[in-house]
Amino acid sequence: MDAGQERRPAGGDGGLRSAVVVNPVKVDDLDELRRTVDDALTAAGWPAPQWYETTVDDPGRGQTEQAVKAGVDLVFACGGDGTVMSCVSGLVGTDVALAVLPQGTGNLLAANLGLATDLAAGLQVAVERGRRLLDVGAVEDQYFTVMAGMGFDAQMLAATSETTKARIGWPAYVMGAVRHLRDRPMRVQIRIDDRPPVRRRARSVLIANVGRLQGGVTLLTEAEPDDGWLDVAVLTPRNLRHWLALGWAVIRRSGQVPQLEVFRGRRVVVTSNRAQPRELDGDLISPGRQLRAEIRPQALWLCVPQPEDAPDLAVDVQGAGERGEQLIEEARRE
């Protein structure tokens, strides 16, 4: 057994000590959310959680580190992609588990969990204590659980307004994507581990730990979140016809996807001929000519509906949601 697998999140037979790191901007009624979470956890026999609000200056990492120092067993990340990513950065390498209470319109990790915006499922998954020890990707001093990207994917995010996302949800990203389909490609050099570099004219390079995109579309069928590898997708469409063929093959889950190459490694360095927009887990970071990522194996305990060897983390999520609704109703009756 790997040394990382010997670690176990804390907590005995009683309720776990928890904290909620919440982005108040993403929540319509913070007081109502707080009552719902507190009451549900109390009904499950847990002590009341500590609450931390994110700020513009600190979107969640500092608050998460405070919660860890306070001795919690579990942190609920309540917000969008940026909140989740910040909480992950504060938990990597600890025995404190992460649970996701999605509130944003994107939330890539929640999409890969199958939780969408289901608060009840997020609470129930935490209460049932399903756990999976996941890899994370490291970029500079930040971490990602799903994917890092350079090029088109980050351009799409930058072109999608918060107002449109709030109004129509993840399809807003399609509108952002259309604006950049005809942009010129970037010239990239991709070095994976100690292999010779690969040179391509690419529209986007994705370095992925998990393979599902917004809207539940699976791009990388072999990517698993705990296999010790990063999967690298290089998208090379040159015109609208290529984009349509690529998109149709991905939607159909075709074995062969045109204009897509996939590599695998533990250390990946992507260097572009010019500065490019970049993103981590659906959240924009500063543009740059280089994206350098490496895998951190078995670095994060994540609350999941099905912890036992299932490649899809969304197993049993519907049942968890139904049980979570019962928990909330039970708490309201008390």
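Select helices H2 and H3 to begin: H2 passes H3 in a right-handed crossing (the near helix is turned clockwise from the far one by less than a right angle; helices are DSSP runs of H or I with at least four residues, numbered from the N terminus). The contact (heavy atoms within 4.5 Å) involves Arg61, Thr64, Glu65 and Val68 on H2, and Ser86, Cys87, Ser89, Gly90 and Leu91 on H3.

This is a predicted model, in which local features need pLDDT of at least 70, side-chain atom pairs count only at pLDDT 80 or more, and totals for chains, interfaces and linings use all residues. Residues are numbered from 1 along each chain as its sequence is written, and side-chain values use heavy atoms, with hydrogens and water left out.

Next, view the two axes (lines fitted to C-alpha atoms over the stretch in contact, with angles from 0 to 180 degrees between N-to-C directions). H2, residues 61–69, and H3, residues 81–91, pack at about 40 degrees, and their axes are 7 Å apart.

Now select Gly62, which lies in H2. Gly62 is buried, at 17% relative accessible area (buried means under 20%, with a 1.4 Å probe and protein chains only).

Finally, move to Arg278 in strand S13, residues 267–280 (strands are DSSP runs of E with at least two residues). Arg278 is buried too, with a relative accessible area of 5%. Its side chain reaches the backbone oxygen of Ser286 at 2.8 Å. Leaving aside residues up to four places away in sequence, Arg278 touches several others, among them Glu140, Met150, Asp283 and Leu291.

Notes
Buried < 20%, exposed > 50% of the residue type's maximum accessible area, 1.4 Å probe, protein only. Polar contact = N/O pair within 3.5 Å; in protein donor to acceptor, adjacent residues only side chain to side chain.
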